[in-house]
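Below are some notes for a colleague who has the coordinates open. Please read them alongside the structure shown here.

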Amino acid sequence: SALLLLGLRFWLFTAAPSAVAPSGLLATCLIPPVIRARLVFVAYNPGLLLFLCHMLELSAAGLGMVLAIG
């Protein structure tokens, strides 16, 4: 499913076990269900940011969170 970090762009580091270099700057990404990934971003915009799956059913089931940047 696609993950969104609303308000910031990020780099995706380990979407695949063979990935060595980070991705380019992203606004969304597709991550297969069993793959772990690291998202790295610069928190330059203070406030509450929404991190969620674009599928509303999955977001409603808990695949999403609010990040507080201070």
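1. Ala43 counts as partly exposed because its relative accessibility is 42%, where partly exposed lies between buried, under 20% relative accessible area, and exposed, over 50% (1.4 Å probe, protein chains only). Ala43 sits in the loop between β4 (39-40) and β5, and, once neighbours within four places in sequence are set aside, Ala43 is in contact with Leu8 and Ile69, contact meaning heavy atoms within 4.5 Å. Ala43 and Arg9 are separated by 34 residues in sequence, while their C-alpha atoms are 9.6 Å apart in space.

2. On the basis of the values: this is a predicted model, in which local features need pLDDT of at least 70 and side-chain atom pairs count only at pLDDT 80 or more, whereas totals for chains, interfaces and linings use all residues. Residues are numbered from 1 along each chain as its sequence is written, and side-chain values use heavy atoms, with hydrogens and water left out.

3. The protein has one helix and six strands, and from the N terminus on its elements follow the order β-β-β-β-β-α-β; helices (H or I, at least four residues) and strands (E, at least two) are DSSP runs, numbered from the N terminus. Among contacts between residues at least 6 apart in sequence, 54% join residues at least 24 apart. Of the 70 residues of the protein, 23% count as buried.

4. Leu50 belongs to strand β5 (residues 47-53) and counts as partly exposed because its relative accessibility is 38%. Leu50 and Leu8 are 42 residues apart in sequence, with a C-alpha to C-alpha separation of 9.7 Å.

5. Ala37 is placed in the loop between β3 (28-30) and β4, and its relative accessibility of 30% is why Ala37 counts as partly exposed. From Ala37 to Leu12 the separation is 25 residues in sequence and 6.9 Å in space, C-alpha to C-alpha.

6. A nonpolar surface patch is formed by Trp11, Leu25, Val40, Val42 and Tyr44, which together have about 490 Å² of accessible area. Patches are made of residues with over 30% relative accessible area and no salt bridge, nonpolar side chains (Val, Leu, Ile, Met, Phe, Trp, Tyr) being joined within 5 Å and like charges within 9 Å; a salt bridge is a side-chain nitrogen of Lys or Arg within 4 Å of a carboxyl oxygen of Asp or Glu. Trp11 lies in strand β2 (residues 11-12) and is partly exposed, because its relative accessible area is 31%.

Methods
Areas by Shrake-Rupley, 256 points an atom, 1.4 Å probe, with all protein chains shown as cover.
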